[in-house]
Amino acid sequence: MHAMKKKILYFAIISRMLLLILQFLFNIIFPDHNADAFKSPPDINEHVSNYDITIRFLFNGLIKWDAEYFIHIAKYGYTYENMLAFYPLYPGIIRITAIIIGKIFFVFNVHSSLILAAVLINYLCFIKSVSIFFDLSKLVLKNTNIAYKAAILYCINPASIFFSAAYTETIFAYFTFYTMLESIQNNLFTIVPLGLSTLVRSNGIVNVGFLIYFRFKNIFNALTLETSSKKDHISIIKLCNLIVKKKCMLIVSIFKLLIIVILSFIPFIVLQIYNYMIFCKSELNMSILPKHIVDYARQNNLILQYNGTSSTWCQAQIPMAYSYVQEKYWNIGFLNYYKLKQIPNFILALPILYIMIKCIMEFYSEHKMQFFSLGLVNIKYEKNKIEKKYPAEMFVFVIHGIFLTIFSICFVHIQVSTRLLCSASPLVYWYCALSLSRVVKFDSASDSICKRKQNFLFNSKTLFLFKQNYTIRDKLILLYFLGYTIIGCFMFVNFLPWT
């Protein structure tokens, strides 16, 4: 098992290195498109050495679109109201890491240190997330072959450029997969990655469903198993006492679960209080902000931190900035994106939505009873029936996928669906791994692919379609993953619209 994970980690490292090289080549060969996007105002007083120019030359392709916001927040904090759409954990870690880099490599200025920190954090988090995702896949799918394929697909996922750029996709995937894995194992430590995921992206709150579900399932199994095992061997009186005891245990367990959920939400609540204080209450001393930051706000009609007047969201009964900022600055709302001019973006998002919907429908057709029992009851299927493509343990992940898919279709900018789903749902990789010349038998001993010699060196025969027994569907899946990885890299680094 250690050797298998070593191969996957080796492939993850190589794939990240190739993507860094690819973005560098695309960035220097092709000129940037003049996009109407936020660009952090440069500090003309900041010293720029040849070392700093080199860093920009090497990694400038990764600091485009929303990456500008994260670097700006890491450098100056939440100076403008529209930046409240971006959660603080990732830029906070960038800032801390940049300080360390600046102390060690003193030849770099602050901006270069921030860029290096952003790239380094995502690189390391991605390697770690691959390892956790492989463990999660083995636990749920019960098949090392398929878990191995899913991990390889994760390394070349369609949103790969966002997993290397200064975006939150990598760190969010890391905390999300970690939360899923720890929730299945009913580990109290789950509240740590869960709480941190709520500080990375807004949909981190959804991850609390895994903690609640698996905790409740554990309570349900403990109550039903012990009661059913004893009721045939004890008297009615003792059975009644046992039922009363179990009710007390249920109340205590639910109370403990409630405490755990509240603890998980504390980071998110603290963030809302912080946003409210700096934009609704605390008076801003304009002299503490750099002049070029204030000037940029005036030139672009941006709202600075509280200076005597506050935005309308501050007056709400529950003042939360996120939905207000998303609607005001990005026109995000129910079906707001359904316009004829957005048809190309709908086409761009179509493959990922098709994969999710197809996976959900196939799982439902195989495991209808799981939806009626909420996956709490182990349902035994008749042996003479066709073997299932999907393990029943995927139930809660399918429910999670249904929510994210509906949310993507109805609320977000539709092209964002690709990176949102690739960083939040394992269904994308599990469906494709199961579809690639699939093995239907669920047993952990199926590790023949992982033992083949050629998989140690880059898995090139798998990725570049040299395998003769691939079906057309297999090739379409691999072409989608590789095509979006390469084209997405080209589009993103040159400030062209992508996912």
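The protein chain contains 21 helices and zero strands. Of its 499 residues, 52% count as buried. The accessible surface amounts to about 24,200 Å², and carbon and sulfur atoms contribute 68% of that area. Among contacts in the chain with a separation of 6 or more, 79% are between residues 24 or more positions apart. Confidence in the prediction averages a pLDDT of 87 over the chain, and 85% of the residues score at least 70. In residues 439-446, pLDDT stays under 50, although the model has 22 contacts beyond four places in sequence for this segment. Where pLDDT is low, the predicted coordinates should not be read in detail.

Two of the helix pairs examined share helix α5. Two packed helices are described by the angle between their axes and the distance between the axes. The axes of helix α1 (residues 2-29) and helix α5 (residues 110-141) come within 10 Å and cross at roughly 150°. Because angles over 145 degrees count as roughly antiparallel, α1 is roughly antiparallel to α5. The crossing of this pair is right-handed. On the α1 side, the contact involves Met4, Lys5, Ile8, Leu9, Ala12, Ile13, Ser15, Arg16, Met17 and Leu20. These residues meet Val119, Tyr123, Phe126, Ile127, Val130, Ser131, Phe134 and Asp135 in α5.

Helix α5 also packs with α8 (169-184). Here the axes come within 8 Å and cross at roughly 30°, so that α5 is roughly parallel to α8. This crossing is left-handed. The residues of α5 that take part are Asn122, Cys125, Phe126, Lys128, Ser129, Ile132, Phe133, Asp135, Leu136, Leu139 and Val140. Their partners in α8 are Thr170, Ile171, Tyr174, Phe177, Tyr178, Met180, Leu181 and Ile184. Phe126 and Asp135 of α5 take part in the contact with α1 and also in that with α8.

Thr168 lies in the loop between α7 (160-164) and α8. With a relative accessible area of 4%, this threonine is buried, since the limit for burial is 20%. Apart from residues up to four places away in sequence, Thr168 touches Phe70, Tyr90, Val200 and Arg201.

In helix α12 (residues 291-299), the buried residues are His292, Ile293, Val294, Tyr296 and Ala297. The cover over these residues includes α3 (67-76). After α12 comes Asn301, which is placed in the loop between α12 and α13. Phi of Asn301 is near 55°, a positive value in a residue other than glycine. Asn301 counts as exposed, at 69% relative accessibility.

The loop between α13 (321-330) and α14 holds Asn331. Leu335 lies in the loop between α13 and α14 as well. Asn331 counts as partly exposed at 37% relative accessibility, and Leu335 also counts as partly exposed, at 36%. Leu335 has a positive phi of about 60° although it is not a glycine. Not counting residues up to four places away in sequence, Asn331 touches Gln326, Asn336, Lys339 and His413. The C-alpha atoms of Asn331 and Phe411 are 9.7 Å apart in space, while the two residues are 80 residues apart in sequence.

Helix α14 (residues 343-366) includes Ile357. A relative accessible area of 35% makes Ile357 partly exposed. Ile357 touches Thr405 and Ile409, residues up to four places away in sequence being left out. From Ile357 to Ile402 the C-alpha distance is 7.9 Å, across a sequence separation of 45 residues.

Helix α14 also packs with helix α18 (residues 427-435), the axes coming within 9 Å and crossing at roughly 75°. The two helices are therefore roughly perpendicular to each other. This contact is made by Ile352, Ile355, Met356, Lys358, Cys359 and Glu362 of α14 and by Leu427, Val428, Tyr431 and Cys432 of α18.

Key:
Residues numbered from 1 in each chain as written. Predicted model: local features only at pLDDT ≥ 70, side-chain atom pairs only at ≥ 80, totals over all residues. Heavy atoms only, no water. Helix = DSSP H or I, 4+ residues; strand = E, 2+ residues; numbered from the N terminus. Buried < 20%, exposed > 50% of the residue type's maximum accessible area, 1.4 Å probe, protein only. Contact = heavy atoms within 4.5 Å. Areas by Shrake-Rupley, 256 points an atom, 1.4 Å probe, with all protein chains shown as cover. pLDDT = per-residue confidence, 0-100. Axes fitted to C-alpha atoms, helices over the stretch in contact; angles between N-to-C directions. Parallel < 35°, antiparallel > 145°, perpendicular 65-115°, else oblique. Left-handed = near helix turned anticlockwise from the far one by under 90°.
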